[in-house]
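Thanks for sending this one over. Here are my notes, point by point, to read alongside the coordinates.

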Amino acid sequence: MSVNVPRLVIAAPSSGSGKTTVATGLMAAFAERGLAVSPHKAGPDYIDPGYHALATGRPGRNLDAFMCGPELVAPLFAHGSAGCDLAVVEGVMGLYDGAAGRGELASTAQVAKLLRAPVVLVVDASSQSRSVAALVHGFASFDPLVRLGGVILNKVGSDRHEVMLREALEEAGMPVLGVLRRAPQVATPSRHLGLVPVAERRTDALASVAALAEQVRAGCDLEALMALARTAPALECEPWSPGAALAEEAGDTAVGPLDGRPVVAVAGGAAFTFSYAEHAELLTAAGARVVTFDPLRDEALPDGTAGLVIGGGFPEVYAPELSANEPLRKAVAAFAEAGGPVAAECAGLLYLARSLDGKPMCGVLDADARMSERLTLGYREAVAVSDSALAAAGTRLRGHEFHRTVIEPGAGSAPAWGFTHPERRVEGFVRDGVHASYLHTHWAARPSVARRFAEAAARHR
């Protein structure tokens with residue numbers, strides 16, 4: 001099948017250059033023109049897609065070649081961008097930075113090549129003039145299969161500074177598609193794991209996105225950027241489909257209907273903002289009915305809850321409020337004690353612990369969690385150690401860790417995962433229906449985990 005969505009990849013020489021500013025501003029500016037804009041993020045990050053969704057009114061979707069495999073990048077893109085007038089993909093780190101020790105794997109450059117998309121390089125020009133040409137030339141020539149279509153100059157100090165930068169890039173034959181001046185008033189607040197999620201500051205986030213759109217409209221040539229996006233050739237791939245993915249992985253194994261539609265409750269709200277859109281889509285395709293609840297506000301699980309998914313987020317920021325909601329903590333503990341299937345990742349792991357920074361949590365796990373000075377960050381290759389509602393022992397998945405907390409002990413008597421790369425250790429907890437771990441996974445890489453979990457929910461109901 002041919003996929004003909006115009007598309008751009010927004011990259012940079014390094015983190016902190018302004019990719020999120022430019023990508024989010026472009027998404028909002030084009031959406032304000034009445035275009036259906038499909039937002040994407042290279043890599044595993046959950047927070048930027050929240051701002052992308054706010055800018056476009058569509059789910060922000062991740063394209064991660066490590067977790068899902070390079071072969072799924074184009075199909076997942078086609079799924080998310082179906083029916084859209086334009087797709088904007090925000091890169092990760094520097095253009096050529098990927099999984100440590102794996103060459104280009106999971107880099108923005110690899111995603112751009114897999115999507116056959118032109119790249120716009122966002123350059124922090126605050127401390128250079130003519131040298132910008134040498135920098136851009138190096139990025140343009142490093143990999144001839146990466147098509148660098150132009151540059152957006154960020155943090156330009158003055159009219160004279162802009163003239164010098166434009167002259168240098170004209171000599172290098174590289175189009176300047178935008179110039180953004182220093183504008184601290186549209187800066188987005190951040191903390192220990194990146195930007196503050198949209199769910200925690202929705203009103204202010206709306207104002208930030210509007211300001212970014214105005215800055216991009218004023219400083220960027222939107223017509224030239226759209227023209228560049230239209231030069232992307234057709235992608236020959238079949239769009240990813242949750243139902244088709246479940247059937248394909250099942251192979252010769254019959255995938256029959258579930259008994260009714262068991263309710264799978266998914267934690268949301270300000271404390272649990274990390275979730276990939278494909279997870280809910282897979283659960284729905286597997287026969288479940290997905291209902292969101294907010295552990296900060298709701299004092300009971302949704303009616304008929306037969307499965308519980310508690311993903312990532314910032315429970316450490318909301319530990320007092322989560323602890324104060326004793327009725328819900330008791331409901332979660334009772335559900336787990338009754339053998340209900342629970343899938344918890346990172347923030348969910350902390351919420352199920354006995355305590356977090358001294359505040360009582362659900363007490364499902366005989367473990368205590370606390371904030372740490374050490375950042376744990378990186379891709380992991382993992383194998384399920386114990387049978388659980390989420391995965392059979394021996395199931396292999398790739399995922400990532402991203403946290404500044406520790407839990408003691410780090411693994412139960414039946415661990416969730418054994419990591420095989422980059423280090424060998426066991427991690428997480430499996431007990432009755434509970435699977436709890438720090439590891440973030442993308443279920444599109446292994447759709448059977450969604451089906452297995454939905455089936456466990458149907459049995460529990």
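1. The α5 and α6 pair. Let me start with the handedness: the crossing of α5 and α6 is right-handed. Please keep in mind that this, like everything below, comes from a predicted model. Helix α5 covers residues 131-142 and helix α6 covers residues 159-172; their axes come within 8 Å and cross at roughly 40°. The two helices are therefore oblique to each other. The cut-off matters here, because angles under 35 degrees would count as roughly parallel.

2. Which residues of α5 meet α6? On the α5 side they are V132, A133 and V136, and their partners in α6 are L165, A168, L169 and A172. Sorted by class, this contact holds seven nonpolar residues, with no polar and no charged ones.

3. The chain as a whole. Along the principal axes, the C-alpha atoms fill a box of roughly 70 × 50 × 45 Å. The radius of gyration is 23 Å, which agrees with the value near 23 Å for a compact globule of 461 residues.

4. Burial and contact range. Of the 461 residues in the protein chain, 57% count as buried. Taking contacts between residues at least 6 apart in sequence, 76% of them join residues at least 24 apart.

5. L86. This residue sits in strand β5, which runs over residues 86-90. Is L86 buried or exposed? L86 is buried, because its relative accessible area is 0%, and the cut-off for buried is under 20%. Setting aside neighbours within four places in sequence, L86 is in contact with V5, P6, R7, F30, A36, V37, S38, M226 and A229. As for F335, it lies 249 residues from L86 along the chain, and the two C-alpha atoms are separated by 44 Å.

6. Two cis peptide bonds. One joins E408 and P409, with omega about 0°; P409 is placed in the loop between β19 (396-408) and β20 (417-421). Another joins H421 and P422, with omega about 5°. P422 is found in the loop between β20 and β21, the latter being residues 425-427.

7. A106. Here the backbone has a positive phi, near 70°, in a residue other than glycine. Where does A106 lie? Its place is in the loop between β5 and α4, with α4 spanning 108-115. A106 has a relative accessible area of 5% and is therefore buried.

8. D357. This is another residue other than glycine with a positive phi, in this case near 50°. D357 lies in the loop between β16 (355-356) and β17 (359-360). How does D357 count in terms of accessibility? At 35% relative accessibility, D357 counts as partly exposed, because that class takes in values between the 20% cut-off for buried and the 50% cut-off for exposed.

Key:
Residues are numbered from 1 along each chain as its sequence is written. This is a predicted model: local features need pLDDT of at least 70, side-chain atom pairs count only at pLDDT 80 or more; totals for chains, interfaces and linings use all residues. Side-chain values use heavy atoms; hydrogens and water are left out. Axes are lines fitted to C-alpha atoms, for helices over the stretch in contact, and angles run from 0 to 180 degrees between N-to-C directions. Helices (H or I, at least four residues) and strands (E, at least two) are DSSP runs, numbered from the N terminus. Angles under 35 degrees count as roughly parallel, over 145 as roughly antiparallel, 65 to 115 as roughly perpendicular and the rest as oblique. A crossing is left-handed if the near helix is turned anticlockwise from the far one by less than a right angle, and right-handed if clockwise. Contact means heavy atoms within 4.5 Å. Ala, Val, Leu, Ile, Met, Phe, Trp, Tyr, Cys and Pro count as nonpolar, Asp, Glu, Lys and Arg as charged, and the others, Gly among them, as polar. The radius of gyration is taken over C-alpha atoms; the globule rule is 2.2 Å times the number of residues to the power 0.38. Buried means under 20% relative accessible area, exposed over 50%, partly exposed in between (1.4 Å probe, protein chains only).
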